[in-house]
Amino acid sequence: MEQNKIAQLIQRYTDVYLMLEKKVSSMITEKLDKELTLDQYYSLRYINLHPGCTSTDLAYVCNVNKSAVTSMTNRLFTKNYIFREHDQADRRNVHLYVTPEGKEVVSRMEKQLQDLVRSYFEKLEEKEMESFIQTYEKIYQVIIEEEAQITNESNHKG
């Protein structure tokens with residue numbers, strides 16, 4: 001593909017991504033429990049899907065430092081959405097779990113988000129939906145592979 005065409009496609013992607021991300025984030029935030037930020041919801045959802053995960057796991061998937069995760073999990077703990085359990089083998093390790101109240105919030109939010117996304121996906125053909133998701137998954141996989149390669153390279157240097 002010629003460089004000019006690639007530049008045009010990158011520009012279109014950037015324009016659409018930035019507009020869509022801002023709009024969708026705003027719409028999702030409106031749907032969330034008023035006391036829950038988008039990051040808190042994402043963390044609560046991740047803990048629900050990965051019971052017993054650690055703050056380190058959460059920091060990695062949220063792409064934030066551990067102190068940010070500590071602050072976020074403290075807020076979720078205060079709201080009684082999660083509880084912590086110390087590892088019996090190594091008390092320094094703390095595992096995170098969702099409380100029944102947290103599960104209720106996740107369930108309610110998942111339904112609202114599914115309804116929101118469904119309202120837009122229904123306007124696409126099944127083939128378009130599949131293609132859209134496959135493309136996003138492929139881009140995500142490329143990013144993960146590049147991050148792993150960078151991590152491996154930096155581990156070999158030090």
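The model shown here is predicted. By the ring-pairing rule, the count comes to 4 aromatic pairs. Y13 and Y17 form one that is stacked, with 5.7 Å from centre to centre and 20 degrees between the planes. The pair counts as stacked because planes under 30 degrees apart are classed that way.

**How confident is the prediction?**

Across the chain the mean pLDDT is 89, and 99% of the residues reach 70 or more. Helix α1 (residues 3–31) has the lowest confidence in the chain, at a mean of 86. Strand β3 has the highest, at 95.

**The sheet**

In which order do the strands of the open sheet lie? The order is β1-β3-β2, with 3 strands and antiparallel pairing. Strands β1 and β2 stand at the edges and each has a single partner strand, so one side of each is left without a neighbour in the sheet.

Two helices pack on this sheet. Helix α2 touches β1, β2 and β3, and its direction makes about 100 degrees with that of β3. Helix α4 touches β2 and β3, and its direction makes about 115 degrees with that of β2.

Now look at how the strands are joined. Strand β1 (residues 53–54) runs antiparallel to β3 (residues 94–98), and 2 bridges join them. Strand β2 (residues 82–86) is also antiparallel to β3, with 5 bridges between the two.

Two packed helices are described by the angle between their axes and the distance between the axes.

| Helix pair | Axes come within | Crossing angle |
|---|---|---|
| α2 (residues 38–49) and α4 (residues 66–78) | 10 Å | roughly 80 degrees |
| α3 (residues 55–62) and α4 | 9 Å | roughly 110 degrees |

Take α2 and α4, whose axes cross at roughly 80 degrees. That angle makes α2 roughly perpendicular to α4. On the α2 side the contact is made by D39, Q40, S43 and L44, and on the α4 side by M72, R75 and L76. What kinds of residues make up the contact of α2 with α4? They divide into 3 nonpolar, 2 polar and 2 charged.

Next come α3 and α4, which cross at roughly 110 degrees. Helix α3 is therefore roughly perpendicular to α4. Here S55, T56, L58 and A59 of α3 meet K66, V69 and T73 of α4. The residues of this contact divide into 3 nonpolar, 3 polar and 1 charged.

Terms used: Residues are numbered from 1 along each chain as its sequence is written. This is a predicted model: local features need pLDDT of at least 70, side-chain atom pairs count only at pLDDT 80 or more; totals for chains, interfaces and linings use all residues. Side-chain values use heavy atoms; hydrogens and water are left out. Two strands pair if DSSP finds at least two bridges between them. Helices (H or I, at least four residues) and strands (E, at least two) are DSSP runs, numbered from the N terminus. Axes are lines fitted to C-alpha atoms, for helices over the stretch in contact, and angles run from 0 to 180 degrees between N-to-C directions. Angles under 35 degrees count as roughly parallel, over 145 as roughly antiparallel, 65 to 115 as roughly perpendicular and the rest as oblique. Contact means heavy atoms within 4.5 Å. Ala, Val, Leu, Ile, Met, Phe, Trp, Tyr, Cys and Pro count as nonpolar, Asp, Glu, Lys and Arg as charged, and the others, Gly among them, as polar. pLDDT is the predictor's confidence in each residue, from 0 to 100. Rings of Phe, Tyr and Trp (its six-membered ring) pair if their centres lie within 6.5 Å; planes under 30 degrees apart count as stacked, over 60 as edge-to-face and the rest as tilted.
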